[in-house]
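Here is a short report on a protein model. Keep the sequence and the 3D view open while reading.

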Amino acid sequence: ATVHAQVDPLDQFFNLSFIPSLVEYDSIAVSLDSGLNFTTIAAASQHYFTNGKIDTMVITQMGVPTYSYDGTLVGRTTTVIGTEIANSTIVDKIEFTQDSLYRDSTITYYEHNGSMFQLFFEARVQYQSATSTDVSYLDIFADLGGGLVNIGNYTYYYKGLYLDSVYYTVSMSSNGDGYLKYIYDANNPSKQIALETYEDVDNDGERDLVQRLKLDHNSLNQVVQIREFNLDANNNLSFDAEYRFATRKYSTISLPQHSEVSISLYPNPAHNYLQIDFDKKLFSEFEIYSTAGKQVLSGQLQNRINVEALPKGHYILRLKGKSGIGTVRFEKL
């Protein structure tokens, strides 16, 4: 089949390239950094049809199996039905329809209201020819009570067969018009290194940078780490979250988990000092950053840190040591 870009529009819309390419009989665990350690919040084990669609999948949340999905392949349409495991209640259905080149052309989502499936959401893609000026379109429809209506439009621009930018309009939001900008390493353009989101947050007619995701890849061009920066109240991008993936082909995609550590910080908000209770075998140094990412204080970690000289505001305390790096947010009054 003809390659249209690094990823197709529907993959980009639903996955945003965050998750590395999964293989048959694989699994994924999603963990979030709580500030001290990575905690697994959900996991899924899944099997695939030859067209890459889900055959079976079980989702586990906080260690408890909660949902199962079973797929049925008929012609070019794969139907996946989700069930809540605890009470065997059907919850939703997703239909993937592929065109003659076996590319996803439509994805339709249905909710189950207890007696029947109700159409809720549909995404339709229009593929264009694969050239250096390739443009594809994605239309989003939703049933708001009177049938499907168009609520969003996405235009995908490519440069050298790599995704360059995505312009979108979302009619449900007052500032929903924006675009995603993809930034590649000039020395290795196949490896995406950043994704920036722009929207008109203050309704002045100009699109503002509201989020930056930094993506690190391994030698197989799979995403192994994502660092998320979001716009704060002072219109600065601040570090908010980190996601880590350890990929093994034909095995498991998961996030490394750190052993739990005990740490407490008080008072918070603080006036003159921070009192920290921590394991001295794990942490030995500290750094304090402003929400703009500027380091304002550092040193050997003690049970009490003097922050009297810091201006009022919010800060990020980073603890460094043998266990890695832990982060805690605090406010200075």
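Rings of Phe, Tyr and Trp (its six-membered ring) pair if their centres lie within 6.5 Å; planes under 30 degrees apart count as stacked, over 60 as edge-to-face and the rest as tilted. By this rule the count comes to seven aromatic pairs. Ring pairs join Y157, Y167, Y179 and Y198 into a cluster.

This is a predicted model: local features need pLDDT of at least 70, side-chain atom pairs count only at pLDDT 80 or more, and totals for chains, interfaces and linings use all residues. Residues are numbered from 1 along each chain as its sequence is written, and side-chain values use heavy atoms, with hydrogens and water left out.

**Overall picture**

The protein has one helix and 25 strands. Helices (H or I, at least four residues) and strands (E, at least two) are DSSP runs, numbered from the N terminus. Of its 333 residues, 40% are buried. Buried means under 20% relative accessible area, exposed over 50%, and partly exposed in between (1.4 Å probe, protein chains only). The accessible surface of the protein is about 17900 Å², and carbon and sulfur atoms hold 50% of that. These areas come from the Shrake-Rupley method with a 1.4 Å probe; for residues, only the protein chains shown count as cover.

Contact means heavy atoms within 4.5 Å. Among contacts between residues at least 6 apart in sequence, 34% join residues at least 24 apart.

**Confidence**

pLDDT is the predictor's confidence in each residue, from 0 to 100. Its mean for the protein is 75, and 70% of the residues reach 70 or more. pLDDT stays under 50 over residues 1–7, where the model has 23 contacts beyond four places in sequence. It also stays under 50 over residues 15–25, with 31 such contacts beyond four places in sequence.

**Tyrosines on paired strands**

Two strands pair if DSSP finds at least two bridges between them. Strands β10 and β11 run antiparallel and are joined by eight bridges. Here Y157 stands opposite S165 in β11. Four bridges join β11 to β12, also antiparallel. Y167 stands opposite Y179 in β12.

Which stacked ring pairs lie on these strands? One is Y154 with Y168: the centres are 5.6 Å apart and the planes are at 25°, so the pair is stacked. Y154 lies in strand β10 (residues 148–159) and Y168 in strand β11 (residues 162–170), so the pair ties together parts that are 14 residues apart in sequence. Both Y154 and Y168 are buried. Y179 and Y198 are also stacked, at 4.7 Å centre to centre and 10° between the planes. This pair links Y179 in strand β12 (residues 178–185) to Y198 in strand β13 (residues 188–199), 19 residues apart. Y179 and Y198 are both buried.

**Charges over rings**

A charge sits over a ring if NZ of Lys or CZ of Arg is within 6 Å of the ring centre and within 35 degrees of the ring normal. Two cases follow.

| Charged residue | Ring | Distance to ring centre |
|---|---|---|
| K93 | Y110 | 4.6 Å |
| R124 | F141 | 3.9 Å |

**Around T79**

Is T79 buried or exposed? T79 counts as buried because its relative accessibility is 19%. T79 lies in strand β5 (residues 77–84). Leaving aside neighbours within four places in sequence, T79 is in contact with D70, G71, T72, K93, I94 and E95. K93 also has its charged end over the ring of Y110.
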